[in-house]
Amino acid sequence: PEQPAEQITLPDPQGASKPESAEDDFSGLDGKLIGAELGRRREQAQTPEIAPKADTMLDAAAEVEKAYTDAIQQTGNDPVMDNLPWEVRDKVKSFGVNPQFREDIETLQIPQFFLKVEQSLFTDGSFELLDKEMLADGFTLKGKAYDIDFAAADDEIVKVDVETGRSVPRAYQMEAADQRYFKEYFSSLPPESRVRQCKDMMIHQLDKLNMVDGSDLRAYVNLIVDGMDREQLAAMEKAPLGFAAKIRAKIETLLNQHYKETFFTWLDRGKIVCEPHYCLPSAIHPTNSTAIYGRSLYEAEEDMNALEQDLVKRLTAIPNVLWWHRNIARHGFAINGYFNHYPDIMIMTQSGKIILAETKGEHLKNDDSQEKIELGAAWRNVAGNQYRYYMVFRDEENLPHGAVSMGQFLETVEAL
């Protein structure tokens, strides 16, 4: 058993006495050594050479912060590189802005479309960069056309092999004998059951359309299937996923039309505005590059097709062209309307005009061209007098409304 500590009594300054543990007896300490050590520490604190300096530590921290901030500023205007892991960044080809043009783009902010969010109970009001899905407001399938051509709708049946120890399953085209078995089994089910299962399969596939209400989708599919004749039902039972793909294409067409109508309505009412926003990056990272044409904004540009090369070559002969840039699709500047349009060529003139040009071959005079012309014209009308947009074809024959030939375009650039 532990023995209680021996108690001793020390004199109290007030004349009283108090018990203390024997473990608190300081009689073994050397007062001279303690005094010498305290004196040494006082001298050390008063010696500037070896005394720690709070100011020096703060200065060092400030230098580290500045270096970090500088690094952020150098990479912060490079969205492609910023999204890559550090260990692979040095393996990506990068081309910086040519030194003589750096000042030209430091303050340049190219307008893009923004949605004006009105002040409410939950928000103070703001502007959000427009995304086409914002335009789905009010979309419904009720009353929409459902005239769909189901010709050539077919399914490919595949089997999926999930093997133990393998992280990624493998898919194989199912053999003809196995496909016949599945189709025969499906055909053996009662007609009502087959139709119900087909509906469920199609709705499950189409339910991934986030912009469409689930109840609207089910009612739309029911309306389509219930209106089918016997031959169409038989075809649907053989290829329900192929029919689902046809319905998806129809819904996407209706949705895109709604995006367009909503965009122009909101633009006219001032709910969509155009504000300076996009900054050209400090470096680009094209997969294939070329550096043979002068006056390029970057040390090298993304490789171009024959029509684009011809246009750029002619631009280098126009004194009014300060620089040109091959805009990289899905990574560069986009006219963000009811779809994202990435014009091919960007030009800056000596007078400070920014010109966007979309080049098209003769075989591409289609509805896609007309949609881009309409969106480009809408952007130009609200972006400001400093900005221009053109759809450029090589020749003048059969030009779509709003497009120009290459000759007309070059004359305009020279005049600007």
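Predicted model: local features only at pLDDT ≥ 70, side-chain atom pairs only at ≥ 80, totals over all residues.
Which residues are linked in a network of salt bridges? The network consists of Glu 358, Lys 360, Asp 368 and Lys 372.

## Overall make-up

The chain contains 13 helices and 18 strands. It has 416 residues, and 37% of them are buried. Among contacts with a separation of 6 or more, 62% are between residues 24 or more positions apart.

The whole structure holds 14 salt bridges. One of them joins the side chains of Lys 260 and Glu 374, with an N to O distance of 3.0 Å. This pair links distant parts of the chain, 114 residues apart: Lys 260 belongs to helix α10 (residues 240-269) and Glu 374 to helix α12 (residues 367-383). Lys 260 counts as buried because its relative accessibility is 15%, under the 20% limit. Glu 374 has a relative accessible area of 29% and is partly exposed.

A salt bridge also connects Arg 326 and Glu 308, where the closest N and O atoms are 3.2 Å apart. Here strand β12 (residues 321-326) supplies Arg 326 and helix α11 (residues 306-315) supplies Glu 308, the two being 18 residues apart. Both partners are buried: Arg 326 has a relative accessible area of 11%, and Glu 308 has a relative accessibility of 3%.

Asp 310 and Arg 314 meet through their side chains in a salt bridge of 3.5 Å, N to O. These two residues are about one helical turn apart because they stand four residues from each other in helix α11. Asp 310 is buried at a relative accessible area of 15%, whereas Arg 314 is partly exposed at 39% relative accessibility.

Glu 302 is part of strand β11 (residues 301-302). With a relative accessibility of 19%, Glu 302 counts as buried, since the limit for that class is under 20%.

Beyond its neighbours within four places in sequence, Glu 302 contacts Pro 286, Asn 288, Ser 289, Thr 290, Arg 326, Asn 327 and Ile 328. Among these, Arg 326 is the residue that forms the salt bridge with Glu 308.

## A negative surface patch

Asp 395, Glu 396, Glu 397, Glu 411 and Glu 414 form a negative surface patch. Within this group, Glu 396 sits in the loop between β17 (387-393) and β18 (404-405). Glu 396 is exposed, its relative accessible area being 55%.

## Positive phi angles

Most residues other than glycine have a negative phi. Arg 295 is not a glycine, yet its phi is positive, at about 65°. Arg 295 lies in the loop between β10 (289-290) and β11. Its relative accessible area is 32%, so Arg 295 is partly exposed.

Asn 398 also has a positive phi, near 55°. Asn 398 counts as exposed because its relative accessibility is 68%, and the cut-off for exposed is over 50%.

Technical notes:
Residues numbered from 1 in each chain as written. Heavy atoms only, no water. Patch = residues over 30% accessible without salt bridge, like charges linked within 9 Å, V, L, I, M, F, W, Y side chains within 5 Å. Areas by Shrake-Rupley, 256 points an atom, 1.4 Å probe, with all protein chains shown as cover. Salt bridge = Lys/Arg side-chain N within 4 Å of Asp/Glu carboxyl O. Lys, Arg positive; Asp, Glu negative; His and termini not counted. Charge placed at Lys NZ, Arg CZ, Asp CG, Glu CD. Buried < 20%, exposed > 50% of the residue type's maximum accessible area, 1.4 Å probe, protein only. Contact = heavy atoms within 4.5 Å.
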